[in-house]
Amino acid sequence: EKHVITDLKHLTEIAGIFKAIAHPERVGIMQVIYREKRIAVKGIYERLRLQQSVVSRHLGILRSAGVVRREQQGQKIYYCPCFDNKTLLCLPKCIV
């Protein structure tokens with residue numbers, strides 16, 4: 001028998017993550033970050049051929065949802081996966 005999540009708080013958290021990644025560009029951004037483990041913002045927008053402002057806006061949404069985290073090293077800003085977010089284990093492997 002498979003485990004069914006019934007805790008409303010946990011279900012709300014999962015729904016928030018799905019809402020945050022419910023955009024093709026954000027799915028692409030997540031794939032890049034989760035594959036690279038740590039990548040500068042410039043690397044993300046160059047790889048996906050998106051404008052820097054677009055990537056920054058999407059990263060803010062993903063960060064607010066707790067699926068990526070930001071690290072600053074000098075002038076550069078890097079993004080990393082939030083592997084400590086247990087809810088991410090619910091996401092399909094095609095996303096992360």
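## Two crossing helices

Let's start where helix α2 (residues 24–36) meets α4: their axes come within 10 Å and cross at roughly 80°. Angles of 65 to 115 degrees count as roughly perpendicular, and α2 and α4 are therefore roughly perpendicular to each other. On the α2 side, the contact is made by Glu-25, Arg-26, Ile-29, Met-30 and Ile-33. Facing them from α4 are Val-54, Val-55, His-58, Leu-59, Ile-61 and Leu-62. Sorted by class, this contact of α2 with α4 holds eight nonpolar residues, two charged residues and one polar residue.

Please keep in mind that this is a predicted model.

## The overall layout

Stepping back, the protein chain has four helices and three strands. Read from the N terminus, its elements follow the order α-α-β-α-α-β-β. The chain has 96 residues, and 34% of them count as buried.

How far apart in sequence are the contacting residues? Taking contacts between residues at least 6 apart in sequence, 57% join residues at least 24 apart.

The three strands make an open sheet with antiparallel pairing, and their order is β1-β3-β2. The edges are formed by β1 (39–40) and β2 (68–73), each of which pairs on one side only.

Ile-39 has Tyr-79 of β3 as its bridge partner.

## The nonpolar core

Nonpolar side chains tend to be buried together in soluble globular proteins. In this model, the largest nonpolar core has 17 residues. Which residues have the most contacts inside it? They are Ile-33, Ile-44 and Leu-59. The elements giving two or more residues to this core are α2, α3 (41–48) and α4, and α2 gives the most, with five residues.

Leaving aside neighbours within four places in sequence, Leu-59 is in contact with Ile-29, Ile-33, Val-41, Ile-44, Val-68 and Tyr-79.

Notes
Residues are numbered from 1 along each chain as its sequence is written. This is a predicted model: local features need pLDDT of at least 70, side-chain atom pairs count only at pLDDT 80 or more; totals for chains, interfaces and linings use all residues. Side-chain values use heavy atoms; hydrogens and water are left out. Two strands pair if DSSP finds at least two bridges between them. Axes are lines fitted to C-alpha atoms, for helices over the stretch in contact, and angles run from 0 to 180 degrees between N-to-C directions. Angles under 35 degrees count as roughly parallel, over 145 as roughly antiparallel, 65 to 115 as roughly perpendicular and the rest as oblique. Contact means heavy atoms within 4.5 Å. Ala, Val, Leu, Ile, Met, Phe, Trp, Tyr, Cys and Pro count as nonpolar, Asp, Glu, Lys and Arg as charged, and the others, Gly among them, as polar. A nonpolar core is a set of buried Ala, Val, Leu, Ile, Met, Phe, Trp, Tyr and Cys residues joined through side-chain atoms within 4.5 Å. Buried means under 20% relative accessible area, exposed over 50%, partly exposed in between (1.4 Å probe, protein chains only).
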